[in-house]
Amino acid sequence: MKLDRYELKSDQDFTTFEFLSEGPKGKIEKIIQFSLVNERNLYNLAFGDKDAITGELNDRTITDNGDSEKVLATVVSAVYAFCHRFPDAWIYATGSTASRTRLYRMGINKYYDIVVNDFKIFGQELSEWELYVKGKEYEAFVIQRKNLNLDYEKHS
Amino acid sequence: MKNILDLNEKKIPVVRVDKSLNKYSKVVLFPEKVKKAKDAFAKLGLPEEGEKRKP
């Protein structure tokens, strides 16, 4: 899997990740967080920009830093890292806006052929979950890891 | 010695633990999104539960 992606940092719990997006608009801190939703091991995936001055987080901005594919690849990478620590977790993701949801969908579609071997992927269509169909529009997504024998990087 | 591309072929990335991020560990940074997830779960459950409910 040759994905151009940013280096990730995380907290000790492996639930909050941070990376630096670099592009024409400079360096922008991005935060990814997996928050426990309920006792059924359901986590919410969210990510957004951290304002360099105020420290406030915004998951509605469209950064337009010319690196959206690399950002998506980094988020996918964080999902792998999180699931390595929490192999039974279900991860729910939806956008804060329609365009954000489209971004998630683009991410899944782009890496579908890779991730479908490692994750069960479902899409929400109206009031039902169905197995994800590549290219179809969904309101939200839920995934769970199914392949427990993944290769991982070693610190050099 | 492995180069960056070799490392990048691995699916689980190297993640460096940064203790400065621990301040976020117990904080929900995106509460609106978590509420959406709770609402969706209340309405739909988890997928396999739905699958089991189907005849």
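# A report on chains A and B

At 33% relative accessibility, Glu125(A) counts as partly exposed. Why does Glu125(A) count as partly exposed? Buried means under 20% and exposed means over 50%, so a value of 33% falls in between. Please keep in mind, as you look around, that this structure is a predicted model.

## Salt bridges

Glu125(A) has a charged partner: its side chain meets that of Lys136(A) in a salt bridge, with 3.3 Å from N to O. This pair links distant parts of the chain, 11 residues apart. Lys136(A) sits in the loop between strands E8 (128–131) and E9 (141–145) of chain A, while Glu125(A) belongs to strand E7 (residues 119–125) of chain A. Elsewhere, salt bridges with shared partners join Lys9(A), Glu18(A), Glu29(A), Lys50(A) and Asp18(B) into one network.

How many salt bridges are there over all chains? A search of the whole structure finds 13. One of them pairs Asp4(A) with Lys70(A), whose closest N and O atoms are 3.6 Å apart. Asp4(A) is in the segment before strand E1 (8–10) of chain A and Lys70(A) is in helix H1 of chain A, so this pair ties together parts that are 66 residues apart in sequence.

Another salt bridge is formed by the side chains of Glu7(A) and Arg16(B), at 3.2 Å from N to O. Here the pair crosses between chains: Glu7(A) is in the segment before E1 of chain A, and Arg16(B) is in strand E1 (residues 15–17) of chain B.

| Residue | Relative accessible area | Class |
|---|---|---|
| Asp4(A) | 53% | exposed |
| Lys70(A) | 23% | partly exposed |
| Glu7(A) | 52% | exposed |
| Arg16(B) | 43% | partly exposed |
| Lys136(A) | 28% | partly exposed |
| Glu125(A) | 33% | partly exposed |

Next, find helix H1 (residues 68–85) and helix H2 (residues 98–115) of chain A, which pack at an angle of about 65 degrees with their axes 10 Å apart. The crossing of H1(A) and H2(A) is right-handed. Which residues of H1(A) make the contact? They are Glu69(A), Leu72(A), Ala73(A), Val76(A) and Tyr80(A). From H2(A) come Leu103(A), Gly107(A), Lys110(A), Tyr111(A), Ile114(A) and Val115(A). By type, the residues of this contact divide into 8 nonpolar, 1 polar and 2 charged.

## Nonpolar cores

The largest nonpolar core has 37 residues, and Phe17(A), Ile32(A), Phe34(A) and Leu45(A) have the most contacts inside it. Several elements of chain A each supply at least two residues of this core, including strands E2 (16–23), E3 (26–38) and E4 (42–50) as well as helix H2. Which element gives the most? That is H1(A), with 11 residues.

A second, separate core of 14 residues includes Val34(B), Ala37(B), Ala40(B) and Leu44(B).

## A look at chain B

Chain B has 3 helices and 1 strand. Read from the N terminus on, its elements run α-β-α-α. Of the 55 residues in chain B, 44% are buried.

Key:
Residues numbered from 1 in each chain as written. Chains lettered and ligands numbered in written order. Predicted model: local features only at pLDDT ≥ 70, side-chain atom pairs only at ≥ 80, totals over all residues. Heavy atoms only, no water. Axes fitted to C-alpha atoms, helices over the stretch in contact; angles between N-to-C directions. Helix = DSSP H or I, 4+ residues; strand = E, 2+ residues; numbered from the N terminus. Left-handed = near helix turned anticlockwise from the far one by under 90°. Contact = heavy atoms within 4.5 Å. Nonpolar A, V, L, I, M, F, W, Y, C, P; charged D, E, K, R; others polar. Salt bridge = Lys/Arg side-chain N within 4 Å of Asp/Glu carboxyl O. Buried < 20%, exposed > 50% of the residue type's maximum accessible area, 1.4 Å probe, protein only. Core = buried A, V, L, I, M, F, W, Y, C linked by side-chain atoms within 4.5 Å.
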